[in-house]
2 protein chains.
Amino acid sequence: MTVRYLALSGGVGGAKLAFGLTHAVPAGELAVVVNTGDDFEHFGLHVSPDLDTLLYTLAGINNPTTGWGRDAETWSFMRALEEVGAATWFRLGDKDLALNVLRTHALRSGTTLSEFMADMAKRWGVASHIIPMSDEAVRTVIETELGPLDFQDYFVRRQCEPVAQSIQFRGASDAAPVAELQEIMTAGSLAAVIICPSNPYLSIDPILSVPGIRDALGWCGAPVVAVSPVVSGDSLKGPTAKIMNELGIVCSATAIAQHYHGLIDGLLIDTDDASLEADISDFGIAVKLSDIVMRSAEDRCTLAKTVVQFAGELGCGVK
Amino acid sequence: MTVRYLALSGGVGGAKLAFGLTHAVPAGELAVVVNTGDDFEHFGLHVSPDLDTLLYTLAGINNPTTGWGRDAETWSFMRALEEVGAATWFRLGDKDLALNVLRTHALRSGTTLSEFMADMAKRWGVASHIIPMSDEAVRTVIETELGPLDFQDYFVRRQCEPVAQSIQFRGASDAAPVAELQEIMTAGSLAAVIICPSNPYLSIDPILSVPGIRDALGWCGAPVVAVSPVVSGDSLKGPTAKIMNELGIVCSATAIAQHYHGLIDGLLIDTDDASLEADISDFGIAVKLSDIVMRSAEDRCTLAKTVVQFAGELGCGVK
């Protein structure tokens with residue numbers, strides 16, 4: 001089945017919309033390119049938080065409460081780590097460990113990250129394509145008042161408390177998009193590119209930092225639409241607003257439009273932000289208003305349908 | 001505290017006596033050198049079944065039913081492996097994974113196996129010394145009717161079903177005893193060397209295959225006593241009897257005496273085998289009769305005290 005919809009996603013927030021998209025379009029026509037800037041080595045295991053969140057969510061085996069990790073998870077591994085005084089700031093559930101152990105073993109045996117994820121998606125019956133942005137290591141590093149911090153150190157261990165000054169994607173200049181993604185972007189078959197309401201700075205920018213991806217999205221011939229991760233001047237989840245403030249950016253849907261300016265054709269913003277429509281239109285970006293807060297599975301499907309429809313309208317007009 | 005008692009042990013059977021020994025002598029005076037011929041890589045993890053059985057048993061956190069693995073273990077990791085069709089013939093519990101993940105990470109980071117086990121023993125409050133026979137890889141391979149089989153493939157996956165023809169300890173000739181063990185064996189402080197009722201061919205011979213260990217035990221000045229793993233012509237547990245038969249050896253305490261001839265000064269056999277006393281004595285091996293089947297924690301302590309006493313008697317006489 002030809003891929004016609006390409007979504008860009010970070011972890012939990014992006015996975016919600018990706019889940020909706022699997023119900024809004026034929027699942028096999030959807031590919032999700034996922035941020036791997038958050039990947040890290042923990043106890044020698046290769047951990048890929050965003051990829052796994054996508055996999056678990058699309059397989060329907062995710063933890064519905066946290067949004068990350070497995071359903072009906074147990075935590076015996078963590079308790080045993082505690083017994084010996086090992087680091088427990090990063091929580092790896094017992095079921096989740098299976099994916100991490102298998103991945104680490106596969107990578108050490110010469111399998112690529114994209115091959116491994118495709119195999120796991122198949123085994124868990126996921127019809128959509130879950131594609132890491134690159135098989136090469138790109139690592140998000142937050143320059144803070146305390147010095148440079150690895151992403152998980154900043155995000156999980158320190159709960160985003162240090163003031164961010166800038167964000168780097170180490171290794172990006174030497175990385176290449178995964179071949180499957182390259183093919184999807186250049187095949188001329190895409191009907192829409194959808195930027196999920198993930199953190200633009202921490203989750204989407206790493207994807208766009210991989211040489212070739214941003215350009216290919218511009219040339220792919222399909223409308224590029226984003227869903228704002230900001231409503232009424234605050235982020236839907238996570239530290240987006242805090243980071244924007246620290247980087248000297250006023251947190252608003254307009255700032256999101258400005259950030260994606262030159263890449264996106266349309267921005268879906270919340271009806272509460274209707275007053276920003278004119279400002280965003282001034283960037284040459286089409287605006288659609290909708291309720292963009294996803295509280296339920298139904299919300300995810302509804303929002304996904306709205307995005308697809310919005311892209312369809314732009315596909316007939318803008319391009 | 002100076003080590004005065006050195007025990008040689010495989011897994012479950014040996015650990016029972018080692019547990020008893022920690023109650024029969026000051027725990028800090030006991031060192032247990034443990035078979036690592038069963039170690040293997042599974043999903044990229046360095047698994048050391050016998051070492052872990054000793055550690056868990058002496059820490060009092062072992063599974064009292066199986067004798068191996070952790071207390072109150074959970075199996076979510078294994079269930080997740082099943083979900084994706086990964087191999088499940090080797091059971092790694094969720095708590096047990098912590099030790100295996102930490103060990104694999106430590107070894108890859110340049111820590112030796114003996115350093116890692118000493119650190120874990122300390123963290124779990126074990127006063128006795130648990131020492132791998134070597135920090136180098138020695139791997140038990142069973143030559144069978146089906147060809148050579150790695151130990152865990154033979155022992156766990158195939159449940160010892162293939163007929164054994166011979167046993168190899170690959171890597172042994174290039175291995176050296178762990179430095180701490182070397183010091184214990186040559187310090188002249190030992191009061192007794194105790195060979196636990198482990199499988200002589202699969203659990204004790206790998207230890208003795210490491211160049212220098214057998215000789216050092218002969219020269220250490222302490223009596224060497226073994227507890228027979230065989231009672232009334234059958235093994236107390238595991239495949240000892242089956243393997244002896246396949247190797248053309250009649251399974252009896254006499255065969256155990258013959259096997260250890262030249263190494264041991266005394267053999268503790270079951271009162272049911274009293275009729276074999278004369279045959280064993282003919283090898284120049286002192287015999288002591290006792291109930292050697294350990295059913296309860298009390299049995300382990302009683303047997304341990306008997307062994308220590310036996311060695312004490314031999315220490316005054318034989319040497």
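The crossing of H1(A) and H2(A) is right-handed, a crossing being right-handed if the near helix is turned clockwise from the far one by less than a right angle, and left-handed if anticlockwise. Helices (H or I, at least four residues) and strands (E, at least two) are DSSP runs numbered from the N terminus. The structure is a predicted model, in which local features need pLDDT of at least 70 and side-chain atom pairs count only at pLDDT 80 or more, while totals for chains, interfaces and linings use all residues. Residues are numbered from 1 along each chain as its sequence is written, and chains are lettered from A and ligands numbered from 1 in the order in which they are written.

Helix H1 (residues 12-24) and helix H2 (residues 49-59) of chain A have axes that come within 9 Å and cross at roughly 35°; axes are lines fitted to C-alpha atoms, for helices over the stretch in contact, and angles run from 0 to 180 degrees between N-to-C directions. On the H1(A) side, Val12(A), Ala15(A), Ala18(A), Phe19(A) and Thr22(A) meet Thr53(A), Leu54(A), Thr57(A) and Leu58(A) of H2(A), contact requiring C-beta atoms, placed from the backbone, within 7 Å. Six residues of this contact are nonpolar, three are polar and none is charged. In this classification Ala, Val, Leu, Ile, Met, Phe, Trp, Tyr, Cys and Pro count as nonpolar, Asp, Glu, Lys and Arg as charged, and the others, Gly among them, as polar.

Between the chains, 25 residues from chain A and 25 residues from chain B take part in the contact. On the chain B side, helices H3 (76-83), H4 (94-108) and H5 (113-123) each supply at least two residues, and H4(B) gives the largest share, with nine residues. That side of chain B divides into 13 nonpolar, six polar and six charged residues.

In chain A, three strands form an open antiparallel sheet in the order S7-S6-S8, pairing being assigned if DSSP finds at least two bridges between two strands. Strands S7 (147-150) and S8 (164-170) of chain A stand at the edges, each with a single partner strand, so one side of each is left without a neighbour in the sheet. The twist averages 30° from one strand to the next. Strand S6 (residues 139-144) of chain A is joined to S7(A) by four bridges, and Ile142(A) has Leu149(A) as its bridge partner in S7(A). Helix H8 (residues 200-209) of chain A lies across S6 and S8 of chain A, at about 35° to S8(A).

Conventions. Two residues are in contact if their C-beta atoms, placed from the backbone, lie within 7 Å.
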